[in-house]
Amino acid sequence: MLIFAIESSHDDTSFALLEDNKPIWMSTISQINIHKKYGGTVPEIASRLHVKNIGILVNELKEKIDITKIDYVAYTKEPGLIGSLHVGYMVANALAIYLNKPILGLNHLEGHFYSAFIEKEVEYPALGLLVSGGHSQLMLYKSKDEYEIIGETQDDAVGEVYDKVARKLSLDFPGGPIIDRIWKENNDIYTDHFTIPKTEKYLNFSFSGIKTNVINLINNQINRKEEINKEKYATEFQNTIVLYLKEHMQEAIRLYNPKSIALVGGVSANFAIRNMFLSLHENVCLPKLEYTTDNAMMIARLAYEKLRK
Ligand code: KG4
Ligand code: ZN
């Protein structure tokens, strides 16, 4: 079964080919350097760039394989920027009509979950922690067709908070990888953490409190004209996130007793969070780094799960 997939929900245009859970090819064009200048994704610019980039990827695809060999066409249907999603859909639909092959419109967040299972089988029930720039949620898959969100952020996403704290510390964008690097160099010196937030429903998250805490402390120091210890703030911020995610996962594991657990999304590239995750369960699934950010291979993998017997 050869699946071709398109992902275009946000600022990455990505094409992938997957054959029976074996990755054949993937190509992704990121727009991050353009949106960076505006401090966030500009939807109108994103749609236009998808149109330009998808043309480049269509040519790459035609060079890579004989497209008549494709059995199924999959694309990201939701959630995402509506103009960007439309570009992916139009191309996927045109290709499916031309090839006379079935088309599947899929959920981006479910795709992230399956990014940890490329070339791997899912053992259900499976628990997934999705942490990215736009989303933070706990997903419980009882079986491939039965999925539930058992906890989600009430405010900011984890990656968003990483980026905002980094900006306050005058670090570059995106801030996540920079804070992670500082953490690696300083975690044996700064072992403290900020207050862990509480939510009415325990498995929900609230990350904005952590962000406000850090930013207020920095503002106070600026007002007192004191020097900001960036290493200390960055390290203790990451200590807080690791501890918070760990406590949530432990509780979710206790409640749902999963056979496998997965950590996915852009923030799942984080060194400390990955290490913490590995200590939680005997069957931990982590995506390869290339599949942590938005990509079409995860959409193809999700399609494969839906289509197989
Ligand atoms: O999934 P993604 O590409 O974002 C969405 O489109 O939603 O993830 C990007 C986010 C950014 O906020 C970035 O700072 C964060 O993932 N990130 C990290 C790391 N690498 C990327 N956060 C913490 N540690 C990292 N190593
Ligand atoms: Zn995503």
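Predicted model: local features only at pLDDT ≥ 70, side-chain atom pairs only at ≥ 80, totals over all residues.
Rolling a probe the size of a water molecule over the atoms shows where empty space is left. In this model, the largest pocket holds about 1,200 Å³ of space. Its lining comprises 43 residues, and those lying nearest the centre are His 10, Ile 32, Gly 133, Asp 163 and Phe 173. Divided by class, the lining contains 22 polar, 11 nonpolar and 10 charged residues.

Several elements of secondary structure contribute to this lining. At least two residues each come from strand E3 (22–30), helix H1 (32–35), helix H4 (108–114), H5 and H6. Helix H5 supplies the largest share, with 7 residues.

Two elements give two or more residues to the shell around the ligand, namely helix H5 (158–168) and helix H6 (175–186). The shell consists of 17 residues, among which His 10, Gly 134, Asp 163, Gly 176 and Asn 270 come nearest to ligand 1. By class, the shell has 9 polar, 5 nonpolar and 3 charged residues.

Oxygen atoms of ligand 1 take part in contacts with both side chains and backbone. A polar side-chain atom of Asp 163 is 2.7 Å from a ligand oxygen, and a polar side-chain atom of Ser 132 is 3.3 Å from a ligand oxygen. Gly 176 contributes through its backbone, with a polar atom 3.1 Å from an oxygen of ligand 1. Taken alone, ligand 1 exposes 560 Å², of which the protein buries 87%.

Methods: Residues numbered from 1 in each chain as written. Chains lettered and ligands numbered in written order. Heavy atoms only, no water. Near = heavy atom within 4 Å. Polar contact = N/O pair within 3.5 Å; in protein donor to acceptor, adjacent residues only side chain to side chain. Areas by Shrake-Rupley, 256 points an atom, 1.4 Å probe, with all protein chains shown as cover. Helix = DSSP H or I, 4+ residues; strand = E, 2+ residues; numbered from the N terminus. Nonpolar A, V, L, I, M, F, W, Y, C, P; charged D, E, K, R; others polar. 1 Å grid on protein atoms, 1.4 Å probe; cavity = no way out; pocket = protein on both sides within 12 Å on 5 of 7 lines; lining within 4 Å. Points joined across faces, edges and corners; volume = space filled by probe spheres on them.
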